[in-house]
Amino acid sequence: MATLELTIDEGVAAQPAKRGRRLGLLFWLAIGWMIFMFAVAILAPVLPLPSPTDMDMLERRAPFSMEHWLGTDGLGRDELSRLIHGARISLVVGLCAPIIGLTLGGALGMLAGYFRGRFESLVVGSMDVLLAFPPLILALAVTAFLGQSILNLTFILGVLGIPAFMRVARAATLTLARREFVIAAQALGATHARILLRELLPNVILPLFAFFLLAVAVTIVVEGALSFLGLGVPPPISSWGTMIGEGRESLDVAPGSPSCRRRRCSLPCFPSIWSATPCAR
Amino acid sequence: MAFFVARRLLYLVPVLIAVSLLTFLIASLLPGDLAYTILGDQATPENVAALRRDMGLDQPIWWRYLSWLGNVLQGDFGRSFRTGQTVLQAVAERLPVSIELMLLAQLGALAIGVPLAIICAARSGGPFDRFMTGTAFGMLSVPTFLSAILLIYFFAVELRWLPATGYVPFAEDPAGNLRFMVLPALTLALAEWPGIMRVLRSDMIATLQEDYIALAKAKGLKASRILFVHALKPSSLTLVTITGINIGRLIGGTVIVETIFALPGIGRLLIGAIYTRDLIILQGVVLLVGAGFVIVNFIVDLLYAVLDPRIRHGHA
């Protein structure tokens, strides 16, 4: 299982080099959209928006208007506001979870790739066990027991990301550790810690970071799936997944509103992945 | 080959044991007492103590794990305290639905992905190729729960061609069963085809540059024959591996799709168990799905080794 999957990681990483040059305009559009999303999400409390949780029972499922730019949902809550506040949740979880994976997985992978031996077999073996579960099933099972909260959600998605980061870091370290500059450092009497942090880390961090960007996109989608199933963020808060789930319930009542909502919700997912891959160069 | 199989089998045992241990630990160490959950509002200290003794919850944890594992190995996964059904019964009832769904989805994804990959590889770099790689890339970022709703909206709400939710067993009404299965399978297929297409396309492009393809061209063979007969088979190796790895994603997708389309499969069983806090069913289903996934991947590894001799003798 282990070796076979690595070849694919490389394949995925190798492809976008060509595409990046071709999709120049799309790439910059995606970056611009990402920056816009982040700015709006960060500035959400300052922007003149209605509260995302205030209900207005007289204005349920309202269409677009000057007052509610994107209409209201089944409980009369402003959609634009919920979308923007939802972006905060999706982006926080989407960024924090891969950071857990990046630090823990990256550290384990580098140590395993550098020291080899029994430690390496132990790390790779235990990661294979984590990979033995279909990720969504494991995430579902753990959230069911731990209870719903943003912290738990981030933690679980982060832990699920560790094996992949570990593999990327280990593969990079394995090839680098045999290079001349590492051997030179060893010959100069550098300590293991120094070699790992000063010689290897700056080189390993590049593929790790490229993978990190992809992981952000994947995490946002998985968080969406969990929230969609009602097991992500707890109810009053909105996240993109919750909103799509709510939109589905009013599908037959007000078809106009959910169809637009769905389009909006898909927008953020697109560019995050698009921009991630050209960056993977 | 026998050596390769033996080595992989030897590796399979500790992984399966660790899977069972992890499943057990998730269910046992995390907060929430099974006895309180079962008794609900009838929980008096005496009742809870009695039930804990009956279920062996007062035993040390390693003993509980070993006795649970012993039961599991004898095929006794426990019994739901809500419905009284055994885990095996519940799973056996629902497994055919999930497997049918996954098979149809995989077939659909292959039916979309393989022809597109061949066309793209034949004219790689051309406008169609660029358009399709772009589309595949965009499709990768559309989550299943989104495309499912779009499909329902389009085919069930607007056009009214297909039912939005529901299920009939295949044995009762094959045509009706397929009608219910089309949209769920299509949803999953839409998520799967980009991966298939991208892998096959890049492998085909590499194969088409081999010398024997040039020879076939020089001999004056028809382009279609070169593509389908000479290039397709050697290019489909990676596809087998991809299929194995994708099964994990497919299982996750099945959970979502079954919830949306109200199909009585494993995914619905799992979600239902989570909502009703039916820990025994949850534990059993997670273990079975995890173990099944490990074994399927093991078989895919073997298949790969059969197809490609380099793996058998290499560093796998």
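Helices (H or I, at least four residues) and strands (E, at least two) are DSSP runs, numbered from the N terminus.

**View 1. The secondary structure of chain A in this predicted model.** Chain A has eleven helices and zero strands, and along the sequence its pattern reads α-α-α-α-α-α-α-α-α-α-α. Local features of this predicted model need pLDDT of at least 70 and side-chain atom pairs count only at pLDDT 80 or more, whereas totals for chains, interfaces and linings use all residues. Residues are numbered from 1 along each chain as its sequence is written, while chains are lettered from A and ligands numbered from 1 in the order in which they are written.

**View 2. Helix 8 and helix 10 of chain B.** Helix 8 (residues 174-208) of chain B packs with helix 10 (residues 223-235) of chain B at an angle of about 125°, their axes lying 9 Å apart (axes are lines fitted to C-alpha atoms, for helices over the stretch in contact, and angles run from 0 to 180 degrees between N-to-C directions). Helix 8 of chain B is therefore oblique to helix 10 of chain B, given that angles under 35 degrees count as roughly parallel, over 145 as roughly antiparallel, 65 to 115 as roughly perpendicular and the rest as oblique.

**View 3. The surroundings of A139(A).** Leaving aside residues up to four places away in sequence, A139(A) touches I156(A), L157(A), L160(A), V222(A) and L226(A), where two residues are in contact if their C-beta atoms, placed from the backbone, lie within 7 Å. Among contacts in chain A between residues at least 6 apart in sequence, 70% join residues at least 24 apart.
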